[in-house]
Amino acid sequence: MSSQKLHKIKRHSAEDAGTRKDTVCSNALLEKQPAIIVGKRDILLGSAEIKKICQVNAGFATESTHTDNDVAFLGSLSTDIKDNPWMTDILVDKHKTVFKIDTGADVTAVPETLYSQYQFGKLDKPKKILQGPGGTGLKVKGMFTATLSNNSVSTEEDIYVVKDLCTSLLSGRAAMALKLVARVNQIGLDSIDAVKQEFPKLFTGLGLMEGEYNIVLSPDAQPFSLSTPRRISLPLLPKVKEELNRMQQEGVITKVEEPTDWCAPMVVVPKSSGKVRICIDLTELNKYVMREKHPLPSVEHTLGQLAGAKVFSKLDANAGFWQIPLSRKSSLLTTFITPFGRYCYNRLCFGISSAPEHFQKRMTRILEGLDGVLCQMDDVLIWGTTQQEHDERLRTTLFRLQEAKVTLNDKCEFSKRRIKFLGQVIDASGVSPDPDKVSAIRAMEEPRNISEVRRFLGMVNHLGKFLPHLAEKTRPLRDLLKKSNMWSWGPPQQQAFDAIKTDLTTPPGLALYDPNAETCVSADASSYGLGAVLLQKHADTGWRPVAYASRSLSDTEQRYAQIEKEALASTWACERFAEFLTGKRFHIETDHKPLVPLLGSKCLNELPPRIQRLRMRLMRFSYSISHVAGKNIATADVLSRAPIPNDLGGLQEEEINLYVDSVVACLPATEPRLREIQRHQDSDSILKRLKKFCVEGWPDKFSIEKGFQPYLPFSGELTVQNGLLLYGSRIVIPASLRKDILSKLHEGHLGITKCRERAKHSVWWPGLSSELIKLLETCDTCCRERTKHKEPLLPTEFPQRPWVMVGADLFQFKDKQYLMIVDYFSRFFEVAKLTTTTSEGVIEHCKSIFARHGIPERLRSDNGAQFASDSFRRFAQEWGFSHETSSPNFPQSNGEAERAVRTTKNLLKKAGDPYLALMAYRSAPLANGFSPTELLMGRRIRTTVPVTQSQLTPKIIDMEKLRTAETDYRQKQRQSYNRRHRARNMSLLHPGEKVWVTDLKTRGTVVSGAGSPRSYIIETPRGMLRRNSYHLSHTPGATETSVVPPETSAVPHETLPEGNLHNSPHIPVPDEDQQEVSHQTPPPESRVSLRSRRPPAYLDDYICS
């Protein structure tokens, strides 16, 4: 124990000690009392021992009920000596011994195990009776007298040997004799070291206040979630992982495994120390966070309380927001994604718009009711009229913060005679304005030409509307603007200039800050300086200045793009006025319109690197931003053109450049590749001048050349970083490299969405998206492999009467072949068993069916050999009906026949008597309410089901009712099909266009339409064929192929008359899932003998001439 250690002594009466044996005491409270001289019968307890006693694990002394003076008391009987500041080395008759200083002990005692007769002599009978905690007697073996020494100080002391004592105890009298303990009235808190020594917990670790904070969202909140993390350069990945682990160990963040509606991106900021800072972009969440309103006292009221104050201290919390815990529900709102998984904040994080005001409210509640303590915005000020009063108030405040589990950082100031607070300088003489907030005006040099005079007067008119006799004061300056006068800056002008500056920097020209007033930051940047003014709106005088600021730009900053200078001006202004802005909502004005979305609504990922870093520095503020005309920010404009030199205002240029370098390093290109792109940019006449525009400013949009107009809408996001022209964080590709970049973006033949996403991460030029679309549309591989989508259903027009249009098809059931013919009007079908599948056999059964029901006007079938033969063509001509065929491999176009085949097979499969099954189907009502026999024959047929005779009487069908039912049915089927298949129209094919025939895996050329919707005649290397558009993929980028010309010069089909074209194919029945479109093919023109023949099966898909 150091001899300079100071302790206080507190007097306790026997009665008082007895009543406090079970009471929890506080060392800090006890140390407030001055030490007093104690008598013989008083009990001496050291402050450290009081704490030990109150913690129960150590003993405590109480006065014995004995009344003689030979009773003594011993303090702690056991203690943990590890790292205990009360332990010290003492020489006992030149033998080194470790003692614990116990100012509450009346005698010095050592354990029985420490005593040695050969070292200290024979034990004497004890002079006093020793009692321990609770008045219990102690087993004393005896005592001996020895000389105790500490450095050059020594004293003679009776030492008692006590059984079961764990640690040697040095009495208070011996400790004072050895100058280990001194009695003082007060310990000064005049330095951070002194405060740390007395309140070590306040400066240890990260605090955790009680009570969770709930982030409240507006009812219309729309969740925002990212599924992929932002790219981080490989050298930074280990540092990011290390920082995430550190934050997780401190309890600031935790891993998220469950699904969350909100997930924000993470941005990594490298520090000059080599470490990284983790930032979260909560822009989307902040749109819906409901703010808290915490009123603050006026500055006049606050400063009025400081009358007579002479000593001041200012406290600053350690990562203040992180000391407030979040509820689990609110914690998940802060989820962010990293390359190592998703995390969320357990503590209130920086970037939440409601965080500053809630922290302010928490601190105000903690310190409420304390004298001499002011909590305004982010500052806690403690003051006193004397050093003693200040220290007492400071101790009370620190103890209150310690109880609230708040920790402080090393930026705190203690026992200052002069301090800055709320833009004022406070000392023993009173309150005066902070000279820093008006130095930008006072240091302004006089105008050197008419333009500068005009700008200065514009600022004066903007700020000094409420100044008395303003017109008279500015007259000497206004005289210089007259065309009849020559420029002459003389004493009248200088006096007017100085007087106006004085008026603007003193009340009433300069307003006192009001924390509850509407606040605005007006900032501007010139080519060599920054200027800003803090304005507040007053009910009587309107907007009035509170503080001014300006500074010159460094050589590096002067090479920034103009939009970067404007962003720097706004960011620097907010940081310069941080003591006025932290914890309150304010507004930023700028005359640079492209800056508004960059610092307002856009996400961090979309910003240029330098502006991205500046935006992150603004995340601790709660602000809105808007564009105003340049004339409305005249003050900031003038200040930016008359900057104060060498005033960086806390914005570290090196840190910004370090971040820009890290972003450029993350670009997905090697250094040689970046330098190659830079050379191509410099050789591109457009991009070369664009770089110049970015640095020197853009020309007027009405006078800019045509070649630069595509870039004009993006001028606010074009910057030059390390010689590269960037759009946000994406490289602007010159025209000479665009074709190569497009091919690389489309590697793997990705779709348009993924190609765009790849481009968003790295490259940009005007029209990139449309060029990607064109590339994909012309990519031969993509066209051939593209998934075919269903086209909207084309319902078949309901026939005018029965047996006008029929469908025919062949099917096989149990190794037997059948012919099925169905009526499109009534859905009545006939089934005939075939003994032979030749055209002649099919024709024979068709004749039989037609003889019963009549000849139809139109017959639809597929392209089977039986229907495509010359015999069937002659049969159609002789019997006088039109034969229409569907496109090969597209049975949906004859859907009524296909559905009838399915129904027939089900009947034959399930029924014992197929004829009864057919009769049952034909007599069952359809969806329109009528049975097939009613629609075809006009009557119901008698079946095995009993019916009345009247039901079998022929009746006239209500055609209007029937057509209405059929129309509604077809409409519902069409809507259901289109919705289920997400059908959409495909572009029409024109003669000469290249196509890929998907079912045959061959190329072809469109010759013409096939006479029906969505059906085409295609010329392929193997001949002419017909296909529906579903089997054709347009390949505009296909290479020319050698096509074998057909043997005949005529196209093997003839176009039907206009009246025979049907644009409304039939509707599917309720069970049909596929699109059905009719196609009509005319009889082919014969070029060979008309003898009956059957072509080989492999030619079924072809039109054979």
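Guide: Let's start at a turn: strands S23 and S24 make a hairpin, with 3 residues between them. Strands here are DSSP runs of E, at least two residues long, while helices are runs of H or I of at least four, both numbered from the N terminus. Before we go on, this is a predicted model, where local features need pLDDT of at least 70 and side-chain atom pairs count only at pLDDT 80 or more, while totals for chains, interfaces and linings use all residues. Residues are numbered from 1 along each chain as its sequence is written, and side-chain values use heavy atoms, leaving out hydrogens and water.

S23 covers residues 519-525, and it runs antiparallel to S24 with 7 bridges between the two; strands pair when DSSP finds at least two bridges. For one of those contacts, look at Ala 525, whose bridge partner in S24 is Leu 530.

Now follow S24 to its other end. Another hairpin leads from S24 to S25, again through 3 residues. S25 spans residues 542-552 and is joined to S24 by 10 bridges, also antiparallel. Here you can find Gln 536 bridged to Arg 544 in S25.

How enclosed is S24, residues 529-538? Of its 10 residues, 9 are buried, so the rest of the structure largely encloses this strand. Buried means under 20% relative accessible area, exposed over 50%, and partly exposed in between, using a 1.4 Å probe and protein chains only.

Now for the rings. Searching the whole structure turns up 25 aromatic pairs. Rings of Phe, Tyr and Trp (its six-membered ring) pair with centres within 6.5 Å; planes under 30 degrees apart are stacked, over 60 edge-to-face, the rest tilted. Take Phe 321 and Phe 359: their ring centres are 5.7 Å apart with planes at 65 degrees, so they sit edge-to-face. Phe 321 is in the loop between strand S14 (311-315) and helix H10 (328-333), and Phe 359 is in helix H11 (residues 355-366), so this pair ties together parts 38 residues apart in sequence. Phe 321 counts as buried at 10% relative accessibility, and Phe 359 is buried at 6%.

Phe 456 and Phe 497 give you a tilted pair, 4.8 Å centre to centre with 50 degrees between the planes. Phe 456 belongs to helix H14 (residues 450-463) and Phe 497 to helix H16 (residues 491-504), linking distant parts of the chain 41 residues apart. Phe 456 is buried at 2% relative accessibility, and Phe 497 is buried at 1%.
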